[in-house]
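Have a go at each one before you read its solution.

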Amino acid sequence: MKSETDSFSAAETQPSKTEQPAAETQLSETEQSATEKQLSETEEPSTEETKIQIPEMEEPVLPTKAAAQPGKRTLYNLLLTAIEPLGHTMYVWGGGWNEEDTAAGEEARSIGESPRWKEFFEMQDSTYNYENTRYQIHDGLDCSGYVGWMIYNVFETTDGGPGYVGKATKMAEEFAGKGWGSYTPASSVTDWKPGDIMSMKGHVWISLGMCEDQSVVFLHASPPGVILSGTYLSDGSRSQAVELAETYMRTYYPDWYTRYPECARGYQYLTDSGQMRWNQTLADEEKMQEMTAEEVLQKLFD
């Protein structure tokens with residue numbers, strides 16, 4: 001069906017000659033030229049008149065996460081430094097040690113991360129087995145290499161100085177012996193504050209504090225790599241610390257978490273570890289030692 005417009009005849013849409021005489025509808029060439037010129041001047045203003053002036057806008061300043069500062073001896077800076085290799089550094093037996101396996105190696109006596117750590121991580125998949133990479137010391141870190149690297153980057157500002165890597169089992173006690181803090185043997189430890197250096201047989205880790213259910217969130221280099229972990233409760237059940245560790249690893253390190261989602265560790269981490277608690281060697285301007293694990297994580301990441 002045609003529309004009403006389509007049904008109009010030619011006679012209805014075209015005026016007759018008597019209605020529109022040629023003398024009245026046709027302009028002379030001179031008049032037409034003048035009219036066109038006038039319309040042109042009216043409808044097409046100059047470029048200068050139509051140009052829109054767009055004011056220069058300043059780029060927005062986005063909030064930036066706090067960064068670790070080499071040589072800044074504060075507890076907050078210690079923890080900022082500790083999370084730098086998190087989620088992209090594989091556990092390598094001997095990583096952070098020298099070729100002779102007697103002291104700190106090149107990477108653990110350098111400011112900043114080795115780019116090789118992340119490159120090596122990107123070559124791995126979920127089947128990574130540290131037993132196959134023993135003593136590939138430049139590709140990652142082991143537990144004592146990680147803690148030694150962290151201490152070096154908090155205490156020093158240039159590469160190549162004396163290192164701080166030692167046997168994991170004795171690390172907390174030896175640090176206390178240097179006058180950095182007080183040492184408490186495993187049998188007498190009753191709480192775990194942010195920054196505490198904890199040594200157990202064959203392992204060393206860094207406390208990030210306690211949760212309401214008395215579980216502990218901590219950082220360490222443990223197969224498959226440098227990770228955030230939480231302790232189980234004494235009865236072996238899941239804890240608030242495990243939930244927090246999983247949440248932060250999944251949120252901030254999704255590539256890692258997709259391959260290596262395990263964040264839980266046994267309750268024996270709490271019962272079997274001696275403790276070095278920092279004294280004034282590291283200033284605590286932000287009062288990190290008074291924070292819960294959740295508050296510490298928010299301070300470091302959010």
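**Exercise 1.** Which residues in H5 are buried?

*Solution.* A word on the model comes first. This is a predicted model, in which local features need pLDDT of at least 70 and side-chain atom pairs count only at pLDDT 80 or more, while totals for chains, interfaces and linings use all residues. Residues are numbered from 1 along each chain as its sequence is written, and side-chain values use heavy atoms, with hydrogens and water left out.

Step 1: Helices (H or I, at least four residues) and strands (E, at least two) are DSSP runs, numbered from the N terminus. Buried means under 20% relative accessible area, exposed over 50%, and partly exposed in between, with a 1.4 Å probe and protein chains only.

Step 2: read off the list. The buried residues in H5 are Leu75, Tyr76, Asn77, Leu78, Leu79, Leu80, Thr81 and Ala82.

**Exercise 2.** Describe how H5 and H7 cross.

*Solution.* Two packed helices are described by the angle between their axes and the distance between the axes. Axes are lines fitted to C-alpha atoms, for helices over the stretch in contact, and angles run from 0 to 180 degrees between N-to-C directions.

Step 1: take the values. The axes of H5 (residues 75–82) and H7 come within 9 Å and cross at roughly 130°. That makes H5 oblique to H7; angles under 35 degrees count as roughly parallel, over 145 as roughly antiparallel, 65 to 115 as roughly perpendicular and the rest as oblique.

Step 2: find the residues. Asn77, Leu78, Thr81 and Ala82 of H5 meet Tyr146, Trp149, Met150, Ile151, Asn153 and Val154 of H7, where contact means heavy atoms within 4.5 Å.

**Exercise 3.** Is His220 buried or exposed, and which side chain does its own side chain make a polar contact with?

*Solution.* Step 1: locate the residue. His220 lies in strand E4 (residues 216–222).

Step 1: check accessibility. With a relative accessible area of 0%, His220 is buried.

Step 2: look for polar partners. The side chain of His203 makes a polar contact with that of His220 (2.9 Å). A polar contact is a pair of N or O atoms within 3.5 Å; within protein, one must be able to donate a hydrogen and the other to accept it, and residues adjacent in sequence count only if both atoms are side-chain atoms.

Step 3: widen the view. Leaving aside neighbours within four places in sequence, the contacts of His220 include Tyr146, Trp205, Arg265 and Tyr269.

**Exercise 4.** Where does Asp139 lie?

*Solution.* Step 1: Asp139 is in the loop between helix H6 (115–122) and helix H7 (143–155).

Step 1: at 8% relative accessibility, Asp139 counts as buried.

Step 2: its side chain makes polar contacts with the side chains of Arg116 (2.8 Å) and Gln136 (2.7 Å).
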